[in-house]
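Visitor: Hi, I have a model open and would like to talk through a few spots in it. Could you help me out?
Guide: Happy to, let's have a look together.

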Amino acid sequence: MKKETKEIDFELIKATLSGDKVALNQLIGKHYSFTFNVCLKMLYSHQDAEDVNQEIWIKIITRLKKFHFESAFTTWLYRIAVNHILDLKKKSIENEITKGFDGYAENLASIKNQELNGEEKIILKDAIEEAKFSCMSGMLMCLDREQRLIYVMGDIFKIDHKVGSEIFDVSIDNYRQKLSRARKDLFNFMNNNCSLVNKNNPCTCSKKTKGFIKLGYVNPESLKFNNNFKETIFDNLVEKSDKLDDINAEYHTRLFQKLPFEEKPTTILDEILNEEKLKSLLNLN
């Protein structure tokens, strides 16, 4: 009989606490990319996401002895990640996008639409996708941090509502209300501005690509978001069975679920093994 994720995690944690560094590496490897992708959707910047993800995992590892095996390891992990992200000082992108959706709409409107000819569409194919991924990631920054985190966890990655209420320390009804509000705010913006949701809108990814390149938002020679990814977020959903509240919300959320899911190497273990305090904390062999 195939073991459930919860059982596997418990076995890896027990082995880790017995000093097994292979088990620790497997535990980190199972969940590291997930927390990185949450950080990336929260912070936009790959460098900020990598730094914050490492900070989260240092916290997880140093507190591993306090895990009581009462709930799923992922619930415990999510709670640490959520609290860490909510307590962060404002990052660069958050200091830039200060006017929310109104300011974002003004910025997009100020970038001249430029039609691409057939040859340009072929040459700039990857850059057009980069423009879409970058722009959608920027839209998330228009939500305040708690809204954004609830939407990223609850809708994009489909964390169960009961688990969501636990990790955000609110009632299920309150959690659902917050999630619904974030979802509606994002949908309203996209429905009024983005042609991906409403084809009548003039703002299209291809028409904005040259403008994005000129302003430095997109570099065709160094793609950040559309960079050889193998899977999407949808391929890595925590729960695929829940139904979203309405058709419109489901459609625009599925657009976000089609964004890249980036696999990250777990180099953090090397750092831990070089830190005597961390190494001794877990009695690693």
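Visitor: At what angle do H2 and H4 pack?
Guide: This is a predicted model, and in it H2 and helix H4 (residues 73-86) pack at an angle of about 35°, with their axes 11 Å apart. The crossing of H2 past H4 is right-handed.

Visitor: Nice. Which residues make the contact?
Guide: From H2 you have Leu27, His31, Phe34, Thr35, Val38, Cys39 and Met42. H4 brings Phe73, Thr74, Leu77, Tyr78 and Ile85.

Visitor: And how many of those are nonpolar, polar or charged?
Guide: The contact of H2 with H4 has 9 nonpolar residues, 3 polar and no charged.

Visitor: Let me pick threonine 35. Is that one buried or exposed?
Guide: Threonine 35, which sits in helix H2 (residues 21-43), is buried: its relative accessible area is 4%, and the cut-off for buried is under 20%.

Visitor: What does threonine 35 touch, leaving out residues up to four places away in sequence?
Guide: Threonine 35 touches Asn53, Trp57 and Leu77.

Visitor: And how far apart are threonine 35 and valine 52?
Guide: They are 17 residues apart in sequence, and 9.5 Å apart in space from C-alpha to C-alpha.

Visitor: Changing topic: what span should helix H11 have?
Guide: H11 covers residues 172-193, which is 22 residues, so at 1.5 Å a residue the span should be 32 Å. The C-alpha atoms at its ends are 32 Å apart, in agreement with that.

Visitor: Which residues of H11 are buried?
Guide: Tyr175, Lys178, Leu179, Ser180, Ala182, Arg183, Leu186, Phe187, Phe189 and Met190.

Technical notes. Residues are numbered from 1 along each chain as its sequence is written. This is a predicted model: local features need pLDDT of at least 70, side-chain atom pairs count only at pLDDT 80 or more; totals for chains, interfaces and linings use all residues. Side-chain values use heavy atoms; hydrogens and water are left out. Helices (H or I, at least four residues) and strands (E, at least two) are DSSP runs, numbered from the N terminus. The expected span of a helix is 1.5 Å times one less than its number of residues. Buried means under 20% relative accessible area, exposed over 50%, partly exposed in between (1.4 Å probe, protein chains only). Contact means heavy atoms within 4.5 Å. Axes are lines fitted to C-alpha atoms, for helices over the stretch in contact, and angles run from 0 to 180 degrees between N-to-C directions. A crossing is left-handed if the near helix is turned anticlockwise from the far one by less than a right angle, and right-handed if clockwise. Ala, Val, Leu, Ile, Met, Phe, Trp, Tyr, Cys and Pro count as nonpolar, Asp, Glu, Lys and Arg as charged, and the others, Gly among them, as polar.
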